[in-house]
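This report looks at charged pairs and at a group of nonpolar side chains. Please keep the sequence and the 3D structure in view while reading.

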Amino acid sequence: MAVSAALRAAITRAQNADQHSEPVFSPLRGLGRGRLTPIDLLGQSLSTIAPATGMVFIALWMITYSPGYVGLAAIAATTSAVFLVAFCITQFTRRLAAAGSLYSFVFQGSGIRATLTAGAALVLGYLGISVSVFSQAVPSLLDTIAIVGPDVRGTAATVITTVAIAVAVAWIAVRGVRFATRAILVVEACSLILIVVVMLATHSDTTTAVALPNPSLSAVPFLAMLTVLSMAGFESSAFFGPEAKRPLISVTRTVLISPIICGVLFVFAAWAAMTGHGATIVGAYFEGTASGASAEVVLAVKIGMTCSWFASTLGCAQAGSRLLYSMGIERVLPAPLARVHRRFRTPYVAVLAFVAVSAAGVFIYSDTVRDDSGSFDGVVETALVCAYTLVAFASWKFLRRIGEHTSLTRICTLSVSAAGAGLLVYIVLDGAVHGMWALPIAALAVAVSGTVWSALLRRARPESLLMVGAFDSVETADLLPGAGTLLIDGDGRRRLVPDRGTVEGDSPEHGR
């Protein structure tokens, strides 16, 4: 009887529900909800990381500086640390979906200034990664063309190739994530299979003749930092929470799985380099046939690496554009960044802006930065470590605020926060000792960015400070008929109130 009465009451509420109230929408609904599968999310994360390229560079440094099993242990330990960062991030992805990813997550645990600081660090980090991989994609493509056809390398060819790649990346990113991620996942998988097969099938004790600068850090800390940089973007699937199916589950799993997959591949690459199985593929990529590798192997490696560089450039553009889109929604950056393509439901203005800045950065990098790539990579690493540290500390504060801490979460969040802060101090001090002043300057700039940014917004657009931290929230269309009416109160909070047609005896708490 009680069930029948409750059913009749629900039907009555549905029939008498107020159909004329103003509908409430999610602030991120423009992106299109529930479109991406777990495979799409994994393709996005792996495309941003580009593990194939990371394997080759880890093998290169292992061969060049011979850190032995200590270096192998450093890579494995760094992978474990990145997994702990992923665990901290999933404390948010289990509970909300946000196009701003770490930027929006930090707001849930920390203040506006910390959030804007994390946003500045992420913008700097993702643009830096994009410029770095974009700069590698251009000569790699030209080298591949020179193997199969005429040698067109030169200034004009570099400019044309850079523009062509930028146009291709922008076009694919505007077409949509699903259009790109599955194809990229297949290409990246083929590149990984190629590298693993070549490493297992070849053996050479010959060391590479590539001229490399001595890193300012000793070999082991340098390998650890290189691993962090190679795994940058492992959390990029979190930018697509509002567009994913069952985001609280699928995004969380992807964030946890991605560093494990890459860590296993990087440890394998380090082992291959130690045992003489990495020299052939390293020589084929960096020295071509001069290394003794066959033309077929060189061509296959070049094609695989070029595709991986391109995939990483595209992954950065897709993730970075969602970050800019989220900031445009909140008006902390110009509002046009929030414009969405009517057909493809992608933030096309943010995509074009991110790709344009990346392409411009490639020309600057090629002319002025390439000879000091260590400082450039150090700046990017500083920004990323800052963002990861802030989100780890924010996760500790967030769980404490909602009363859902466990012993495991306390240990992990505080350990990662302390380790990240210590690593930042080490980077700054090491940079100062070795005259790499870009590192302490970058750390200082990121540290004060939130304070300066919030002060500027408070003067120019104070209302934007009330919109920081936007995430995908319930809409009127998500409610069952008669469940209540979704309203936005004077504080901007969503509130579910009983319909006027609620029958006598129904508690006004129903539907809250």
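Is Glu-243 buried or exposed? In this predicted model, Glu-243 counts as buried, because its relative accessibility is 0% and the cut-off for a buried residue is under 20%.

The structure holds seven salt bridges, and one of them joins the side chains of Glu-243 and Arg-35, with a distance of 3.1 Å from N to O. Glu-243 is located in the loop between helix H9 (219-230) and helix H10 (247-274), while Arg-35 belongs to the loop between helix H1 (2-16) and helix H2 (38-49), so this pair ties together parts that are 208 residues apart in sequence.

The two partners can also be described by their accessibility: Glu-243 is buried at 0%, whereas Arg-35, with a relative accessible area of 26%, is partly exposed. As a general point, side chains of opposite charge can pair when their charged atoms come close.

## A network around Asp-143

A network of salt bridges links Asp-143, Asp-151, Arg-153 and Lys-302. Arg-153 is partly exposed, its relative accessible area being 46%.

Asp-143 also forms a salt bridge with Lys-302, where the closest N and O atoms are 3.3 Å apart. This second pair links distant parts of the chain, since Lys-302 is part of helix H12 (residues 295-330) and Asp-143 is part of helix H6, 159 residues away. Both Lys-302 and Asp-143 are buried.

## A nonpolar patch on the surface

Which residues form a nonpolar patch on the surface? The patch is made of Phe-83, Leu-84, Ile-260 and Val-264, which together have about 320 Å² of accessible area. Two helices contribute to the nonpolar patch, as helix H4 (68-93) and helix H10 each supply at least two of its residues.

One member, Ile-260, is found in helix H10. Ile-260 counts as partly exposed because its relative accessibility is 44%, a value to be read against the range for partly exposed residues, which lies between the buried limit of under 20% and the exposed limit of over 50%.

Methods
Residues are numbered from 1 along each chain as its sequence is written. This is a predicted model: local features need pLDDT of at least 70, side-chain atom pairs count only at pLDDT 80 or more; totals for chains, interfaces and linings use all residues. Side-chain values use heavy atoms; hydrogens and water are left out. A salt bridge is a side-chain nitrogen of Lys or Arg within 4 Å of a carboxyl oxygen of Asp or Glu. Helices (H or I, at least four residues) and strands (E, at least two) are DSSP runs, numbered from the N terminus. Buried means under 20% relative accessible area, exposed over 50%, partly exposed in between (1.4 Å probe, protein chains only). Patches are made of residues with over 30% relative accessible area and no salt bridge: like charges are joined within 9 Å, nonpolar side chains (Val, Leu, Ile, Met, Phe, Trp, Tyr) within 5 Å. Accessible areas come from the Shrake-Rupley method with a 1.4 Å probe; for residues, only the protein chains shown count as cover.
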